[in-house]
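Okay, thanks everyone. Let me put the chain up on the screen, and then I'll talk you through it.

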Amino acid sequence: VLMPYLLNVIHLRPGEAVYLKPTVLHAYVKGNGVELMSLSDNVLRGGLTHKKVDVPELISVMTKSASSPNICKKSTDRFLRERIETPTDDFNLLVLKSGSYDINEAVPSLILCTDGVARVGTSNDHIELKEGECCFVPSCDEEYHVRVNGKVFQAVVPETLE
């Protein structure tokens, strides 16, 4: 019952992002968010769920020191996607707002439509995404386009990790 008083509460505005290290206990209290994690073979829960909670293991791996995560800065990549800057090389998280994006990179990615509709395709085929739908773009699709009427998030494996 007293645990919320020990946690560091962070209020994010729409469009803001924060990077948390893998050992940081976190929870979402209100609103929606996109969470992108590095490759992992486990998720430890801290409670407030009907799923198994392994308290001793959680305590052994979680960070126990206070920290103040900073709001992530943003930049624009060469395809005009908004890139959320994080200190990890494991992935890139990109935001594509209403518009047309012609992309030429041979890296695998996931595209999640969070608002409106999007059309993702190559010269041979395409898929329509509605809010809440996701698709996978394989690295063999080097050239593809994304047409967005709303907002999508794209998780990309950086070229250096291929």
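Before I get to charges, a word on counting: Lys and Arg go down as positive, Asp and Glu as negative, while His and the chain ends are left out. On that basis the protein chain carries 17 positive and 22 negative side chains, and the centres of those two sets sit 9 Å apart. Keep in mind that this is a predicted model.

So, the overall layout. We've got 1 helix and 7 strands, and reading from the N terminus the order is α-β-β-β-β-β-β-β. The C-alpha trace spans about 55 × 30 × 30 Å along its principal axes. Of the 162 residues, 24% count as buried. The chain exposes about 11500 Å², with carbon and sulfur atoms supplying 54% of that. And if you take contacts between residues at least 6 apart in sequence, 66% of them join residues at least 24 apart.

Now let's zoom in on one residue, His145. You'll find His145 in strand S7, which covers residues 143–156. Is His145 buried or exposed? His145 counts as buried, because its relative accessibility is 16% and the cut-off for buried is under 20%.

What is His145 in contact with, leaving aside its neighbours within four places in sequence? There's Tyr101 and Asp102, and then a run from the other stretch: Arg119, Val120, Gly121 and Thr122.

Technical notes
Residues are numbered from 1 along each chain as its sequence is written. This is a predicted model: local features need pLDDT of at least 70, side-chain atom pairs count only at pLDDT 80 or more; totals for chains, interfaces and linings use all residues. Side-chain values use heavy atoms; hydrogens and water are left out. Helices (H or I, at least four residues) and strands (E, at least two) are DSSP runs, numbered from the N terminus. Buried means under 20% relative accessible area, exposed over 50%, partly exposed in between (1.4 Å probe, protein chains only). Contact means heavy atoms within 4.5 Å. Accessible areas come from the Shrake-Rupley method with a 1.4 Å probe; for residues, only the protein chains shown count as cover. The place of a charge is taken as NZ of Lys, CZ of Arg, CG of Asp or CD of Glu.
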